[in-house]
6 protein chains.
Amino acid sequence: MTDQDKGSFTHFDESGNAHMVDVGSKKETERVAYAAGNIRMSKKAYELVRSGSVKKGDVLGISRVAGVMAAKKVDELIPLAHPLMISKANIDFEFNDDDYSINIYATVGITGKTGVEMEALTAVSISALTIYDMCKAVDKSMVISEIRLLKKTGGKSGTYIRD
Amino acid sequence: MTDQDKGSFTHFDESGNAHMVDVGSKKETERVAYAAGNIRMSKKAYELVRSGSVKKGDVLGISRVAGVMAAKKVDELIPLAHPLMISKANIDFEFNDDDYSINIYATVGITGKTGVEMEALTAVSISALTIYDMCKAVDKSMVISEIRLLKKTGGKSGTYIRD
Amino acid sequence: MTDQDKGSFTHFDESGNAHMVDVGSKKETERVAYAAGNIRMSKKAYELVRSGSVKKGDVLGISRVAGVMAAKKVDELIPLAHPLMISKANIDFEFNDDDYSINIYATVGITGKTGVEMEALTAVSISALTIYDMCKAVDKSMVISEIRLLKKTGGKSGTYIRD
Amino acid sequence: MTDQDKGSFTHFDESGNAHMVDVGSKKETERVAYAAGNIRMSKKAYELVRSGSVKKGDVLGISRVAGVMAAKKVDELIPLAHPLMISKANIDFEFNDDDYSINIYATVGITGKTGVEMEALTAVSISALTIYDMCKAVDKSMVISEIRLLKKTGGKSGTYIRD
Amino acid sequence: MTDQDKGSFTHFDESGNAHMVDVGSKKETERVAYAAGNIRMSKKAYELVRSGSVKKGDVLGISRVAGVMAAKKVDELIPLAHPLMISKANIDFEFNDDDYSINIYATVGITGKTGVEMEALTAVSISALTIYDMCKAVDKSMVISEIRLLKKTGGKSGTYIRD
Amino acid sequence: MTDQDKGSFTHFDESGNAHMVDVGSKKETERVAYAAGNIRMSKKAYELVRSGSVKKGDVLGISRVAGVMAAKKVDELIPLAHPLMISKANIDFEFNDDDYSINIYATVGITGKTGVEMEALTAVSISALTIYDMCKAVDKSMVISEIRLLKKTGGKSGTYIRD
């Protein structure tokens, strides 16, 4: 049986009280998590971001930095997350000209006792929110969607790949 | 012309360099922002959260605290956001039994020179990620979606209501 | 009726859900809070601190800095506390030769919409913990006690003085 | 001779200047620290907390989260503490109906080069301060006391148990 | 007599103990501080930065973001600094082809009770350190120099302009 | 070929996008970095610091604490820096009576996969800025200079000693 099959939440003890799960006896293995998300905006905002990222007003450059920095702050943001020393973090973007949206991808890696799924998902979320912040003077109706784990490797529960 | 009509990004100067926008001459007004989002999960995870929130293993109670705390950390997360002294923050949840999803709502208020849209959107995002973290042992395929601004009041650009 | 007489907790709404209390409509007044605490230790540790603070190995100097810095971090530590811009912070110490203990006093001030009781109490607590940290190689049995609010002034509920 | 017997403070060098002690050559061992504290309040506040924690208005649930999160922030709060990757953290409470007080217990664990006494003691302290914050509208005269280390295991100095 | 003429340090009380200076009674005025610094590097590193900042590998774009973010963290870094809500922050760069160095300029503004000199100086310092970090694989011998206040306006002590 | 000889920046991928370099496969070795810097001030400020550091008003004691604490915050300040668990940190000072300046030295050590050059350089910088903060009421024209790496040991690129 893998972690994924567990029938109950690990963040609560038998009395239902929240705690930080004990990972002391878990093995240090190489772990990588891949997450993704999407931000959809008006044609005008989209074109400003798209042109900006190659000429001037580098929205995606700043969003990328924000995403990497957020991956380092997960233990401050997510109450029961473990402090981790991540060993790599990447953010990538993909333009969708048909619906004026941008895909955001994060890859985070570690050699450690617990996975970095939350780090990758948080990196995507803060990266998207940073795009929102920088474009909100032009478009307040942007929508951030499809934040999800694509894949994770390493750890006792092994590889997970989203269908 | 309101802020919303601006044809270009305010977070860049005329050379295209990022900066923290000068709000020194803006008036202090009462401002409130309302944001929302959604997290969709497996039937099993959904039922555990739903029962937990009334009996034991209070996923939403912890998610609510995480959302409020995140609203206070926006200036550390979003590179060009101003430090702000928010004067209120609320998180609410709504269960959707038909598709096993939970709606997350955040309300953030301030009397200040700049709005709290990012604070409300970030509160929703971190609240959703905290639910993900606490349920991921049961379901890794959860999806966070529809993070958006519902409404904001106050400030020079006045009221915005999402259609 | 003053704040002190309130019959229920303000940090929960009528459904019992935690939130950050709305202080938006409260007036900015000058507010000061005074808190105190005590740390008791072995004779040996006490004498090392006492001599150190006048010659070398300045335990109390470092404890004082830690207390002031902690007063600035309350909104990160106490989940529903408001972010505040404190305008002054002091830590003082008093040696009790008869029981080998040290009294710690903190004074924190602000012109703001909400009080600084938590800032003063947190400053005392972290100041005491810093003394513990620096002396624990000599004495692990130290006890921190009597952390309490001595007095607060300003705000709608007026002056509070501990009996 | 164990650490506990040391005749002088380790946080100062031979000139009396503060520094972060070198733990580079210490062995990674499994270490656990147990700390406790107490907060005493009025009958009214006590009954509100006691009823709240089983029905609604969950003071202790939020205090527990604050304690766990504080254990992750020790290196920011205690000037000469080492950054640590704690692997578990628990907070427990015990009601004392006779004197209207609540006992707070923290357990923190790590596999590392240095102990987690400060993490457990800080978790107790911030947990207690969070209770104070949430109850202060009802009672400002609460007192936090008896913050102390109960036990620690692991490391060169071995097991310490408070008498 | 202005602040600049004071014969003693304001960060210590009459007993020589450090404290956070009381600014409660100071007036809120508009204040701006301008600071500068310089980082000198090898010809090779300089040319990589210079070309990178217009084509790809945007060292200065990331350094600029780091500088702005650091201006928001001064109260966490400088022990006795007040928490502040800065209202603007800019970083600019200037290439010196003759000695392969880059000038860094920071402008920080606030409407507040205390000045933002430390915010501007810290922004310059962290901006320079970020350049160092990104170029250290190519050149470890870079030198950061001439970090200084160029000018400040506002506040009781009035305008200061460096000779 | 050592790290120092690399012809390009490691903080960018082949498309020129910033990322946190993957150190997952690097070996854990003992690493130490030594950095230095200098702050020059007026005769009057210098004499106040010099006398203060032995009698009362301990500017350098507080600067030392600020430097050590800053070494622990590098991953929050430098966007693409890895989170690290440093195992030691020291700050030392040297008075230069001839030009009224103070030399600042930082030593930081770790057993880890990546070096601590940035930690030592940041410790020196924040230590210098803290001296500036505490003396600025007496002298606003202080200059911080010569922040540089003196030496580093450990890691694949081996020992670096500044000429």
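This report describes selected features of a predicted model, from one whole chain down to single residues.

## Chain A as a whole

Chain A contains four helices and five strands. A box of roughly 50 × 30 × 30 Å, taken along the principal axes, holds the C-alpha atoms of the chain.

Of the 163 residues in chain A, 63% are buried. The contacts of chain A can also be sorted by separation in sequence. Among those between residues at least 6 apart, 70% join residues at least 24 apart.

Helix α4 of chain A and helix α4 of chain B, each covering residues 117-135, have axes that come within 11 Å and cross at roughly 165 degrees. An angle over 145 degrees counts as roughly antiparallel, and α4(A) is therefore roughly antiparallel to α4(B). Their crossing is right-handed.

Which residues in α4(A) and α4(B) meet? From α4(A) come Met118(A), Leu121(A), Thr122(A), Ser125(A), Ile126(A), Leu129(A), Tyr132(A) and Asp133(A). They meet Met118(B), Leu121(B), Thr122(B), Ser125(B), Ile126(B), Leu129(B), Tyr132(B) and Asp133(B) in α4(B). Sorted by class, the residues of this contact of α4(A) with α4(B) are ten nonpolar, four polar and two charged.

The crossing of α4(C) and α4(D) is right-handed.

The residues of α4(C) in this contact include Met118(C), Leu121(C), Ile126(C), Tyr132(C) and Asp133(C). On the side of α4(D), the residues include Met118(D), Leu121(D), Ile126(D), Tyr132(D) and Asp133(D). The contact of α4(C) with α4(D) comprises ten nonpolar, four polar and two charged residues.

## Helices α2 and α4 within chain D

Helix α4(D) also packs with a helix of chain D itself. The axis of α2(D), a helix of residues 59-71, and that of α4(D) come within 7 Å and cross at roughly 145 degrees. This crossing of α2(D) and α4(D) is right-handed.

From α2(D), the residues in the contact include Val59(D), Leu60(D), Ile62(D), Ala66(D), Gly67(D) and Ala70(D). Among their partners in α4(D) are Glu119(D), Thr122(D), Ala123(D), Ile126(D), Thr130(D) and Met134(D). The contact of α2(D) with α4(D) has eleven nonpolar, five polar and two charged residues.

Two residues of α4(D) can be followed through both contacts. Thr122(D) and Ile126(D) meet residues of α2(D), and Thr122(D) and Ile126(D) also take part in the contact with α4(C).

Is Asp133(E) buried or exposed? Asp133(E) lies in helix α4 (residues 117-135) of chain E. Because its relative accessible area is 3%, Asp133(E) is buried. The side chain of Asp133(E) makes polar contacts with the side chain of Lys136(E) at 2.7 Å and with the side chain of His11(F) at 3.2 Å. Apart from its neighbours within four places in sequence, Asp133(E) is in contact with His11(F), Ile78(F), Leu80(F), Ala81(F) and Met118(F).

Leu80(F), one of these partners of Asp133(E), is found in the loop between α3 (74-77) and β2 (88-96) of chain F. With a relative accessible area of 2%, Leu80(F) is buried. Leu80(F) and Met20(F) are 60 residues apart in sequence, yet their C-alpha atoms are 5.0 Å apart in space. With neighbours within four places in sequence set aside, the contacts of Leu80(F) include Val68(A) and Lys72(A), Ile62(E) and Met134(E), and His11(F) and Ala18(F).

## Two residues with positive phi

Most residues other than glycine have a negative phi. Tyr100(E) has a positive phi, near 55 degrees. Tyr100(E) lies in the loop between β2 (88-96) and β3 (101-112) of chain E, and at a relative accessible area of 26% Tyr100(E) is partly exposed.

Glu146(F) also has a positive phi, near 55 degrees. Glu146(F) belongs to strand β4 (residues 143-153) of chain F. Its relative accessibility of 32% makes Glu146(F) partly exposed.

Technical notes. Residues are numbered from 1 along each chain as its sequence is written. Chains are lettered from A and ligands numbered from 1 in the order in which they are written. This is a predicted model: local features need pLDDT of at least 70, side-chain atom pairs count only at pLDDT 80 or more; totals for chains, interfaces and linings use all residues. Side-chain values use heavy atoms; hydrogens and water are left out. Buried means under 20% relative accessible area, exposed over 50%, partly exposed in between (1.4 Å probe, protein chains only). A polar contact is a pair of N or O atoms within 3.5 Å; within protein, one must be able to donate a hydrogen and the other to accept it, and residues adjacent in sequence count only if both atoms are side-chain atoms. Contact means heavy atoms within 4.5 Å. A crossing is left-handed if the near helix is turned anticlockwise from the far one by less than a right angle, and right-handed if clockwise. Ala, Val, Leu, Ile, Met, Phe, Trp, Tyr, Cys and Pro count as nonpolar, Asp, Glu, Lys and Arg as charged, and the others, Gly among them, as polar. Axes are lines fitted to C-alpha atoms, for helices over the stretch in contact, and angles run from 0 to 180 degrees between N-to-C directions. Angles under 35 degrees count as roughly parallel, over 145 as roughly antiparallel, 65 to 115 as roughly perpendicular and the rest as oblique.
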